[in-house]
Amino acid sequence: MAHHNFRKVAIITYSGAYNYGSALQTYALNKYLRNIGFDAVTIDYTSDSQQNLYKIFEPCRGLMPLARNLQSLCKYRALKKHLKRFDKFLDEQVPMVSWSDSKDTKRQISETYDFFVCGSDQIWNAQCDDFDDNYMLSFVSDKKKCVAYSPSLGAGGESDNTIDALKRNVLDFRALSCRESNGSSIISRVTGRQVETTADPVLLLSENEWNEIAPDRVVEGDYILGYFIGDRAGMRDFAKQMSKSTGMPVVVIYKNLRDIKYGFKTKYDCGPTEFVSLIKHARGIVTNSFHAVAFSLIYKKDFWVFTGKGNSDSRISGILDLAGLQQRIVDGDRFKMNDYLDHISYEDLDMSGLQAYVDSSKEYLNNSLC
């Protein structure tokens with residue numbers, strides 16, 4: 001373990017997003033840096049547009065938003081509890097430093113810390129509604145203190161906005177990395193520098209470390225966890241069929257009107273730690289989420305992941321390549337209902353590729369911050 005005599009590090013990431021992946025990667029990077037001896041804090045920064053994304057009710061512009069708002073009204077108590085659990089998690093588990101938009105605050109933060117780390121998530125996707133230059137540490141005057149750890153450009157990598165933002169802010173960073181290899185090539189092309197591809201922070205912590213925050217069972221008995229973001233063709237049907245065959249209920253945690261007609265069991269009040277627990281105790285997981293896949297690997301679970309052709313899915317296929325589990329990807333062309341009974345025998349898997357990737361990511365962090 002490298003020990004760094006409590007040098008002070010401030011991290012900026014999407015810490016204010018009410019999103020399981022965002023909150024858990026926020027926690028993981030902060031925790032990992034403290035584990036290796038840094039005095040790490042996360043800047044309590046969130047943009048107004050980010051806060052608007054996670055409001056329980058949305059502006060009523062048409063029938064669909066109205067229908068979604070009615071569903072939210074019916075589930076209001078659970079959804080309110082969900083948001084509270086996020087706030088409580090960050091308050092209790094992530095040391096924060098407060099932020100204000102004043103010149104003084106920015107100058108003070110810029111001078112107080114030895115290093116600044118742009119954390120993970122799509123914080124460098126200038127096409128995102130919640131992007132702004134602060135996520136590229138525009139307020140830090142000395143760029144030699146700035147390190148990028150696994151930020152993602154998402155689907156906005158080739159956009160002029162993203163490329164201009166990179167040119168404005170990151171040319172002189174101390175070290176550059178990106179969460180996806182195609183993002184790394186773009187940043188390298190823009191900056192003319194070597195850019196590492198590093199692991200999402202949730203992979204920096206071991207199963208035992210995640211157990212420290214995972215509460216006991218959230219759902220009694222056997223269940224299939226359905227973590228569905230939006231919709232993918234066949235994903236819900238697959239989970240429903242799996243439920244019929246096994247007699248286990250499908251538990252969903254992300255509010256979506258489609259789940260009403262499927263009759264899935266809802267647990268909309270879950271916060272970040274409940275998410276970890278739900279994966280830990282699930283008998284199977286059906287998802288289209290990268291973070292659900294990452295935690296399925298950490299907990300050695302049977303999972304199926306539905307991907308499309310989009311950029312966010314390149315990281316799913318990337319991590320499954322390293323784990324030797326490409327066959328767990330289901331798409332429209334490869335969709336056999338009997339597949340869901342296939343068990344993953346983790347003890348027979350060669351996961352050394354994934355382990356090497358995590359190790360080199362830790363090494364990158366260690367080397368960048370010394």
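This section describes the strands, helices and cores of a predicted model. Local features need pLDDT of at least 70, and side-chain atom pairs count only at pLDDT 80 or more, whereas totals for chains, interfaces and linings use all residues. Residues are numbered from 1 along each chain as its sequence is written, and side-chain values use heavy atoms, with hydrogens and water left out.

Helices (H or I, at least four residues) and strands (E, at least two) are DSSP runs, numbered from the N terminus. Strand E4 spans residues 115–118. It pairs with E1 (residues 8–12) in parallel, through 4 bridges; pairing requires at least two DSSP bridges between two strands. Ile12 has Cys118 of E4 as its bridge partner. E4 also runs parallel to strand E5 (residues 146–148), with 3 bridges between them. Here Phe116 stands opposite Cys146. In a regular strand, side chains alternate between the two faces of the sheet. In E4, Phe115 and Val117 point one way, and Phe116 and Cys118 point the other way. All four are buried, that is, under 20% relative accessible area, with exposed meaning over 50% and partly exposed in between (1.4 Å probe, protein chains only).

Helix H5 covers residues 103–112, with Thr105, Ile109 and Ser110 buried. These buried residues lie within an arc of 130 degrees seen down the axis, so they line one face of the helix. The arc is taken over the directions from the helix axis to the C-beta atoms. Lys103, Asp104, Gln108 and Glu111 are exposed on the other side. The buried residues of H5 pack against strands E2 (39–44), E3 (96–98) and E4, contact meaning heavy atoms within 4.5 Å.

Helix H7 (residues 181–191) buries Gly183, Ser184, Ile186, Ile187, Val190 and Thr191. Down the axis of H7 they fall within an arc of 165 degrees, and therefore line one face. Ser181 and Arg189 are exposed on the other side. Helix H6 (160–169), strand E6 (177–178) and strand E7 (196–197) pack against the buried residues of H7. Gly192 follows the helix, with a positive phi near 70 degrees.

Helix H9 (residues 235–246) has 12 residues. Its span from first to last C-alpha is 17 Å, close to the 16 Å expected at 1.5 Å a residue; the expected span is 1.5 Å times one less than the number of residues. Met235, Arg236, Phe238, Ala239, Met242 and Ser243 are its buried residues. Gly247 follows H9, and its phi is positive, near 75 degrees.

A nonpolar core is a set of buried Ala, Val, Leu, Ile, Met, Phe, Trp, Tyr and Cys residues joined through side-chain atoms within 4.5 Å. The largest has 88 residues. Leu33, Trp210, Phe295, Leu297, Phe303 and Leu320 have the most contacts inside it. Helix H1 (residues 20–35) gives the largest share of this core, 8 residues. Another core, of 36 residues, lies apart from it and includes Phe116, Leu137, Leu176 and Val195. Not counting residues up to four places away in sequence, Phe303 touches Ile285, Val293, Ser296, Leu297, Leu320, Leu325, Arg328, Ile344 and Tyr346.

Glu274 is found in helix H11 (residues 272–281). At 11% relative accessibility, Glu274 counts as buried. Glu274 touches Arg85, Pro215 and Val218, with residues up to four places away in sequence not counted.
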